[in-house]
Every structure is written in C-alpha cells, then in structure tokens.
Amino acid sequence: MSQITTHVLDTTFGKPAQEVSIILEQFTLSGAWKQLGSGKTNADGRLPNLLAPGIIVEPGIYRLIFNTGSYFKERSIKGFYPEVTIAFEITDSSHYHVPLLLNPFGYSTYRGS
C-alpha cells in the first residue's frame, strides 16, 4: 500500500464511487505542481497504489485532484463540481489516507486512518 491512499464514497447512493480518475501532485520549491501518480478508484472506491511500492514522500504540500465531472456524467447525473481538489500537508513518513465523501452538489473530506 502506498504512503498516500484515498477512497471515494458516493453519499447519493451510499456506495463506493468506482472509476473516479485521481491525480496526486506535489508542490515544488519552484512554485509549480509536479504529478507523482494517478489512477482510478476500484470496485471498493479505493485507490491504494497512488505511489509506487516503497516510495516515501518528503514533508511538504500535496494535492489530490478528483475528476468528479466525468464520474457523474458517465452516470447521467448533473453535478455542480467538475473536479474536487484537496490540498494537504505531509509532516512525516507515516501513512496518509485522504477520503472523499461525494454527491452531485457537495463533498467533504477528512484525514482518515
């Protein structure tokens, strides 16, 4: 399992959100964002392998970008947010789990375990 993981739950249906495209980026010293990983959520709404096995990222600012527009469009649902971006700070080498609770007109997040 990667040091940074996520999962997406669609609270409209109370089920995991499958096939949500996600990008992981790091804010660099030059002031730009650098992509570190990407993928799609599985049948359980999880993306456990954003980073290659054994990769530990350094402390800093990171973000996850969830392509929620495509997720809802593929289900013929009109949503308000075409994407959700969650920026967060890593301070040590521990595991960081960043879930997204999603519906067409709102979302929430928290630091999970």
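This is a predicted model: local features need pLDDT of at least 70, side-chain atom pairs count only at pLDDT 80 or more; totals for chains, interfaces and linings use all residues.
I take helices (H or I, at least four residues) and strands (E, at least two) as DSSP runs, numbered from the N terminus.

**Entry 1: ground rules**

I number residues from 1 along each chain as its sequence is written, and side-chain values use heavy atoms, with hydrogens and water left out.

**Entry 2: the whole chain**

I looked up the fold elements. The protein chain has one helix and 10 strands. I read the pattern along the sequence as β-β-β-β-β-β-α-β-β-β-β. The radius of gyration is 14 Å, close to the 13 Å that the globule rule gives for 113 residues, so the protein chain is as compact as a globular protein of that length. For this, the radius is taken over C-alpha atoms, and the rule is 2.2 Å times the number of residues to the power 0.38. Along its principal axes, the C-alpha trace spans about 40 × 30 × 20 Å.

Next I checked burial. Buried means under 20% relative accessible area, exposed means over 50%, and partly exposed lies in between (1.4 Å probe, protein chains only). Of the 113 residues, 38% count as buried.

The surface came next. The protein chain exposes about 6,400 Å², and carbon and sulfur atoms supply 55% of that area. These areas come from the Shrake-Rupley method with a 1.4 Å probe; for residues, only the protein chains shown count as cover.

Then I looked at contacts (heavy atoms within 4.5 Å). Among contacts with a separation of 6 or more, 59% come from residues 24 or more positions apart.

I also looked up charges. The protein chain has 9 positive and 9 negative side chains. The centres of the two sets lie 7 Å apart. Lys and Arg count as positive, Asp and Glu as negative; His and the chain ends are not counted. Each charge is placed at NZ of Lys, CZ of Arg, CG of Asp or CD of Glu.

**Entry 3: aromatic rings**

Rings of Phe, Tyr and Trp (its six-membered ring) pair if their centres lie within 6.5 Å; planes under 30 degrees apart count as stacked, over 60 as edge-to-face and the rest as tilted. By this rule I find five aromatic pairs. In one of them, the ring centres of Tyr81 and Tyr107 are 5.2 Å apart and the planes meet at 85°, so the pair is edge-to-face. This pair links distant parts of the chain, 26 residues apart. Tyr81 sits in the loop between helix H1 (68–73) and strand E7 (84–90), and Tyr107 sits in strand E10 (residues 106–109).

Tyr81 is partly exposed at 28% relative accessibility. Tyr107 is partly exposed as well, at 40%. Ring pairs link Phe80, Tyr81 and Tyr107 into a cluster.

**Entry 4: Val84**

Is Val84 buried or exposed? I find Val84 buried, with a relative accessible area of 0%. Val84 is found in strand E7. Leaving aside neighbours within four places in sequence, Val84 is in contact with Leu64, Ile65, Phe66, Thr68, Leu100 and Tyr107. I also noted Leu102, 18 residues from Val84 along the chain; their C-alpha atoms are separated by 9.3 Å.

**Entry 5: Ala43**

Ala43 lies in the loop between strand E4 (33–40) and strand E5 (46–47). Ala43 is exposed, with a relative accessible area of 56%. Beyond its neighbours within four places in sequence, I find Ala43 in contact with Pro16 and Gln18. The C-alpha atoms of Ala43 and His97, 54 residues apart along the chain, are separated by 18 Å.

**Entry 6: Tyr110**

I found Tyr110 in the segment after E10. Tyr110 is partly exposed, at 42% relative accessible area. Which residues is Tyr110 in contact with, leaving aside its neighbours within four places in sequence? I list His7, His97, Val98, Pro99 and Leu101. Tyr110 and Lys78 are 32 residues apart along the chain, and their C-alpha atoms are separated by 25 Å.

**Entry 7: positive phi**

Most residues other than glycine have a negative phi. I looked up two positive values. Phi of Glu19 is near 65°. Glu19 lies in the loop between strand E2 (15–16) and strand E3 (21–27), and Glu19 is partly exposed at 40% relative accessibility. Phi of Ser76 is near 55°. Ser76 has its place in the loop between H1 and E7, and Ser76 counts as exposed at 71%.
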